[in-house]
Amino acid sequence: MSETKPKLIVVGVDGSDDGLRAVKYGASYAAEIGGELLLVHAVDDAMLAGAWGVVYDPEVLQNAGVTANEAAAAIARECGLPDERIRTEVVLGSPGGVLGRLSEVADLIIVGRRSTSGLERMFVGSTSVSVVAGSSCPVLVISAAAHPQDVGHKGLIGVGLNTSPGNRSTLIAGFEEAAQWGAKLEIVHALQPPIGLFGPKLGPADLDELIRFTRGGIEAMAAEQAKAFPKVDYEVVVVAATPINELVTRSESYDILVLGTGEEAIPGFGLGGLLRGLMAHALCPLHITHGQ
């Protein structure tokens, strides 16, 4: 019988505080699951081509990447990951493109979220958005500023779910994260009531009935997936609220918020507004899934 191949965790390294927070999470996670860690620094070829009228020395950029990776590897060792399970690479290409290609062989991509406050939050970070939009595997987005504490101490994983069949992979990922961390799972659907030209289209009784109907559908989905995770305690929450406001508020109590891509996106136009908004404002790391 062949041995199971260890999971490959890929972390984008750029030397920033957010990038080092991603390294710390990735190393701790790899140590926990017996996985391998690949630390990747991308040398943007646009800089070599003289973007913005400035031409950079390739050797200088290469050496900077090596230095950043060495610092990242030292952090990984401090997190308890042995040297034989740590690899580093400096790769030519845009960070989003490099990590997107690696996502085809990785089990998880981890990137730092580079945004601070005010208008910067509207744009999140171009690398994290690019990676999430183009990844073939799940992506975890984490911030040094917004998520400074170690993951796992809150004991609660959140899942932002709608009622489409495509959310099966998102729900499974939520159960997997809860099982991994020994945490409770909160499955949340924020139902934004339709608004007519002259006010709400639904009366209170109709809205209550819609909430009950929606909760029943999600509870049926959850009960089916829960069979494979008998030790995970979970709760389904359906509320009438604006999804982004509800999930951002709840994210403060989560270790991780699990989301799926494509819920609001127009095909060919990348990520939807809800996911972008959560990437900018969530108060916990985001685990973003793809596919069915």
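Visitor: Which side chain does the side chain of Glu186 join in a polar contact of 2.4 Å?
Guide: This is a predicted model, and the place to begin is strand β7, residues 184-191, where Glu186 is found. Apart from neighbours within four places in sequence, Glu186 is in contact with residues including Arg250 and Tyr254. The polar contact of 2.4 Å joins the side chain of Glu186 to that of Tyr254.

Visitor: Is Glu186 buried or exposed?
Guide: Leaving aside neighbours within four places in sequence, Glu186 is in contact with Leu156, Ile157, Gly158, Val159, Glu235, Val237, Arg250 and Tyr254. Its relative accessible area is 11%. Buried means under 20%, so with 11% Glu186 is buried.

Visitor: Which elements do the buried residues of α9 pack against?
Guide: Helix α9 covers residues 243-251, and its buried residues are Glu246, Leu247, Val248, Arg250 and Ser251. One of these, Arg250, is in the list of residues that Glu186 contacts, and Glu186 is found in strand β7. The buried residues of α9 pack against β6 (156-160), β7, β10 (234-240), β11 (256-260) and α10 (273-281).

Visitor: Which backbone nitrogen does the side chain of Ser251 reach at 2.9 Å?
Guide: Ser251 is in helix α9, and it counts as buried because its relative accessibility is 0%. At 2.9 Å, its side chain reaches the backbone nitrogen of Leu283.

Visitor: How many disulfides does a search of the whole structure find?
Guide: Cys137 counts as buried because its relative accessibility is 4%, and Cys284 counts as buried because its value is 1%. A disulfide requires a pair of cysteine sulfur atoms within 2.5 Å. The number of disulfides found in the whole structure is zero.

Visitor: Which element gives the most to the lining of the second largest pocket?
Guide: The second largest pocket has a volume of about 410 Å³. Its lining takes at least two residues from each of α7 (168-181) and β12 (286-289). With eight residues, the element that gives the most to this lining is α7.

Visitor: Where in the chain is Pro6, and what distance lies between its C-alpha atom and that of Gly35?
Guide: Pro6 is in the segment before β1 (8-12), and it is partly exposed, with a relative accessible area of 36%. Not counting residues up to four places away in sequence, Pro6 touches Gly34, Gly35, Glu36 and Asp107. Pro6 and Gly35 are 29 residues apart along the chain, and the distance between their C-alpha atoms is 4.9 Å.

Visitor: How far apart in space are Gly216 and Val238, C-alpha to C-alpha?
Guide: Gly216 lies in helix α8, residues 204-226. Gly216 is partly exposed, as its relative accessible area is 34%. In sequence Gly216 and Val238 are 22 residues apart, and in space the C-alpha to C-alpha distance is 9.7 Å.

Visitor: Among contacts between residues at least 6 apart in sequence, what percentage join residues at least 24 apart?
Guide: The chain has ten helices and twelve strands, and buried residues make up 45% of its 292 residues. Among contacts between residues at least 6 apart in sequence, the share joining residues at least 24 apart is 79%.

How values were computed: Residues are numbered from 1 along each chain as its sequence is written. This is a predicted model: local features need pLDDT of at least 70, side-chain atom pairs count only at pLDDT 80 or more; totals for chains, interfaces and linings use all residues. Side-chain values use heavy atoms; hydrogens and water are left out. Helices (H or I, at least four residues) and strands (E, at least two) are DSSP runs, numbered from the N terminus. Buried means under 20% relative accessible area, exposed over 50%, partly exposed in between (1.4 Å probe, protein chains only). A polar contact is a pair of N or O atoms within 3.5 Å; within protein, one must be able to donate a hydrogen and the other to accept it, and residues adjacent in sequence count only if both atoms are side-chain atoms. Contact means heavy atoms within 4.5 Å. On a 1 Å grid over the protein atoms alone, a cavity is a set of points where a 1.4 Å probe fits but cannot get out, and a pocket is an open set with protein on both sides within 12 Å along at least five of seven lines; lining residues have an atom within 4 Å of a point. Grid points are joined across faces, edges and corners, and a volume is the space filled by probe spheres set on the points.
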